[in-house]
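Reader: I would like to learn how to read pockets and strand pairing in a model. Where do we start?

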Amino acid sequence: AYDAWDVTQGDTNVVIGITDTSFDVNHEDLSGNIKYNYDDPAGNGDEDNDTYVDNFAGWDMVDNDNNLFNNNEIHGTAVAAIASASTDNSIGYGGIGFKCKFLPVKVSINSSPYTVTKGYEGIQYCVEQGCSVINCSWGNTTFSQTAQDIVTWAAVNNDVVLIAAAGNVTSTNYYYPASYAHVVSVTGVDQNDLYN
């Protein structure tokens, strides 16, 4: 990150869409870097007429509302922090995106937070809201042509960079969306720089 920041520290016009489980949009290290929708502030109805009522600070695709928080679920908050936590504020740590903003989009159900049911709808929402990059730290081993079409539409037709996790287990199986065409697949390595 330090070497990258010598080249660029990001740009507030670059928005990273984070499709994930739950977000604390009031977290002191995140609230300053959310891409707020000032055309539709909370409490006033759907002022921008985009069919998402009060989507001021992101959207919950599952419950179709602006409540992105699920008690005791921190995965989405942690992923958002890695991507875009506020920098140089002596709180927590600095997000890799430095000056880049992020858009939180909840795509999992509250009763089972790691069950992502609206991931591809979340990708579509991020594109519609102007995200340049979309992160998907979720997935499964099932191929879907419809999902591939959504990914292609986002990446090719809308010039969006899609980043997806390759899974949390040692496996040679395809994992989606990471294994779809036009997606950057990211895996982990251990302390010996070996595939995890």
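Author: Start with the term. A pocket is an open set of grid points with protein on both sides within 12 Å along at least five of seven lines. Note that this is a predicted model.

Reader: What volume does the largest pocket have?

Author: About 730 Å³. It has 36 lining residues, and S137, W138, G139, A165 and Y175 are the closest to its centre.

Reader: What volume does the second largest pocket have, and which residues lie nearest its centre?

Author: Its volume is about 400 Å³. Of its 18 lining residues, I16, I82, A83, I96 and G97 lie nearest the centre.

Reader: Which element gives the most to the lining of the second largest pocket?

Author: Helix α2 (75-84), with five residues. α1 (2-7), β1 (15-20) and β6 also supply at least two each. The class make-up of this lining is twelve nonpolar, six polar and no charged residues.

Reader: Now the strands. How many bridges join β4 to β5?

Author: The cut-off for pairing is at least two bridges. Strand β4 (residues 108-109) and β5 are joined by two, and they run antiparallel.

Conventions: Residues numbered from 1 in each chain as written. Predicted model: local features only at pLDDT ≥ 70, side-chain atom pairs only at ≥ 80, totals over all residues. Heavy atoms only, no water. 1 Å grid on protein atoms, 1.4 Å probe; cavity = no way out; pocket = protein on both sides within 12 Å on 5 of 7 lines; lining within 4 Å. Points joined across faces, edges and corners; volume = space filled by probe spheres on them. Helix = DSSP H or I, 4+ residues; strand = E, 2+ residues; numbered from the N terminus. Nonpolar A, V, L, I, M, F, W, Y, C, P; charged D, E, K, R; others polar.
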